[in-house]
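The following paragraphs lead the reader through a structure step by step. Please keep the sequence and the three-dimensional view at hand while reading.

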Amino acid sequence: MNSLAKPARWEKFFWPLLAAALFLALWHYSVIWTATKVFPSPLSVEKALAELLRKHVLWADIGDSLRRVAIGFGTAAFVGIPLGLALGWYPVVQQVLNPVLQILRPISPIAWIPVAIIFFGIGDHAAVFLVFLGAFFPIVVASASGVSNVPTIFRRAGRNFGLSPAQILAKVVFPAALPQILIGLRIALGVAWLVVVAGEMIAVDSGLGYLVIDSRNSGKRYDLVVAAMLLIGLIGLALDIGFRLIERIRSVRWGFGHES
Amino acid sequence: MGTAASTTTASDVKLRVEHVGMVFDRDGKSVSVLEDINLDVRDGEFICLVGPSGCGKSTLLNVMGGFLSPTSGSVTIDREVVRGPDPRRILVFQERGVFPWLTVEGNIGFGLSKLSATERNERIAHYVQMVRLHGFEHSYPSDLSGGMKQRLQVARALAVNPDILYLDEPFGALDSITRLIMREELLRIWQTERRTIIFVTHDIDEAVQLADRVVVLSSRPAKIQDVLTIDIPQPRNISSARYLEHRDDLLKKIGLAYTV
């Protein structure tokens, strides 16, 4: 296949489907060949999924996980975007806060779990706090670098038309940095989804992460474990695809190379 | 008008550059970029600044525009010392000066937030017509050609009703045919609107075709080497003997007469 040729319509679906089918086959036969008693085959995972859907607990778990992500991610965006803008805009803020942020940033939110439990006890708040931590730093970093990457030409045009510094921030710097901020938000949403599952395995007793750990602990139901894992993957993908739709909005599309 | 040049009185002067010098500090060494620049520009005059690349043409333009304050000397407009950028005089950049997150309308209306909605829309409609972008009011810059983007930038500048337009090699990034068309367009606009124009270019033809007077700068540190009055009425026939005479004269002044 010529890599420059535009793939035919059927090829767009055929090859990915083939890859998925091969993966399932490999999984299926590995289970048979190794004669494992623990790890489930794709068919038993499918049955487990059907069982979860029948029992209706699944929707509550999905809802709980999504709610924790929404609150934690939302708070991170609400605090992180203004902070990032300030970091990029005022050199003093950058100078003062950057060392602290750079030390906190590489700490995995997982390492915060004991601290989160001390702060908030076992429960929703601890899980939401972990999601917040995971989402916060990518948002701050992207917003700050978004601002410092705004071409001087735009700021100068803003000054030339008589805008005050606050107006320049609102009408020039923010819209100019928005595509980069959106990239940061998208990364943060992915991290938030990773973190909520980890948090739910320890800090709460609902949600998809809890479903994974509970299925293992109560009767070693590895078919349910893998079913929950697959669901986590699919919902994560759906969140990412949903978020990418924002990149198509006309006032930010210039920053995303969608142009033909 | 031809004789007015020699009898310029103080009242005719729109912009006066007096003993302007500019010294930059680069890696601890001071580099002199402009040296004792003196220039009087009349109201409504079209001035081209030419000179070897890197000589300080843009620096001089930025000093006139108030974006840089000179190390010595002063720039006065209507006998008022220039202390910073001002919407009464707008700088048009070489490229990427329009805001990619705003439509054509949004860009033209950028500096008009103080007007009422009806006034604003009238002004926008007027300048959309003037730069011939009708039908593109709701398009984004990424959908416009290079020439259209520059027309948009000129429209955005004119919309705030400035006395002076500073153009920093505005057609330098365009192909040669578009460049010719843009010169005609700019002349047409200048003849209807009669603003004072200071136009930086490294294109000899552009200077001879457009300017009332061409200011020739020497290589760094830039001094005014010569001021040529082009006393051919517009529109100029660019293959006429007088035109070519002026062109040769200018080439000679720059020291390139027999080398290109």
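In this predicted model, the C-alpha centres of domain 1 and domain 2 of chain B lie 25 Å apart. The domain assignment of chain B places residues 25-88 together with 163-260 in domain 1, and residues 98-161 in domain 2. Where the two domains of chain B touch, domain 1 supplies twelve residues and domain 2 supplies ten residues. Which helix gives the most to the side of domain 1 of chain B that touches domain 2 of chain B? It is helix H5 of chain B (residues 176-193), with six residues. The side of domain 1 of chain B that touches domain 2 of chain B is made up of nine nonpolar residues, one polar residue and two charged residues.

Chain B also contains an open sheet of four strands, whose order is E2-E1-E4-E5 and whose pairing is antiparallel. Strand E2 (29-42) and strand E5 (80-81) of chain B stand at the edges of this sheet; each has a single partner strand, so one side of each is left without a neighbour in the sheet. As a general principle, the strands of a sheet pair through backbone hydrogen bonds, in either a parallel or an antiparallel manner. Strand E1 (residues 13-26) and strand E4 (residues 72-77) of chain B pair in the antiparallel sense, and five bridges connect them.

In the loop between E1 and E2 of chain B lies Asp27(B). Although Asp27(B) is not a glycine, its phi is positive, at about 50 degrees. Is Asp27(B) buried or exposed? Asp27(B) has 5 other C-beta atoms within 10 Å, and is therefore exposed. Pro221(B) belongs to the loop between strand E9 (213-217) and strand E10 (224-229) of chain B. Gln234(B) and Pro235(B) are likewise joined by a cis peptide bond, with omega about -5 degrees. Here the loop is the one between E10 and helix H7 (241-254) of chain B, where Pro235(B) is found.

The contact between the two chains leads from chain B to chain A. Chain B contributes 17 residues and chain A contributes 16 residues. On the side of chain B that touches chain A, there are twelve nonpolar, three polar and two charged residues.

What elements make up chain A? Chain A has eleven helices and zero strands. The C-alpha atoms of chain A fill a box of roughly 75 × 60 × 30 Å along the principal axes. Of the 260 residues in chain A, 36% are buried. Among the contacts in chain A with a separation of 6 or more, 73% are between residues 24 or more positions apart.

Two helix pairs show how parts of chain A meet. In general, two packed helices are described by the angle between their axes and the distance between the axes. The axes of H2(A) and helix H10 of chain A (residues 222-244) come within 8 Å and cross at roughly 80 degrees. H2(A) is therefore roughly perpendicular to H10(A). In this contact, residues of H2(A) including Val45(A), Ala48(A) and Leu52(A) meet residues of H10(A) including Leu224(A), Ala227(A) and Leu230(A). The residues of the contact of H2(A) with H10(A) comprise eight nonpolar, one polar and two charged.

The second pair is formed by helix H3 (residues 57-89) and helix H9 (residues 208-217) of chain A, whose axes come within 7 Å and cross at roughly 130 degrees. This angle makes H3(A) oblique to H9(A). Asp61(A), Ile62(A) and Ser65(A) in H3(A) meet Leu208(A), Tyr210(A) and Leu211(A) in H9(A). Four of the residues in this contact are nonpolar, one is polar and one is charged.

Finally, the loop between helix H1 (9-34) and helix H2 (42-55) of chain A holds Ala35(A). Ala35(A) has a positive phi of about 50 degrees, although Ala35(A) is not a glycine. With 6 other C-beta atoms within 10 Å, Ala35(A) is exposed.

Note on methods
Residues numbered from 1 in each chain as written. Chains lettered and ligands numbered in written order. Predicted model: local features only at pLDDT ≥ 70, side-chain atom pairs only at ≥ 80, totals over all residues. Pairing = 2+ DSSP bridges. Contact = placed C-beta atoms within 7 Å. Nonpolar A, V, L, I, M, F, W, Y, C, P; charged D, E, K, R; others polar. Axes fitted to C-alpha atoms, helices over the stretch in contact; angles between N-to-C directions. Parallel < 35°, antiparallel > 145°, perpendicular 65-115°, else oblique. Buried ≥ 20, exposed ≤ 12 C-beta atoms within 10 Å, placed from the backbone. Domains from an automatic or database assignment.
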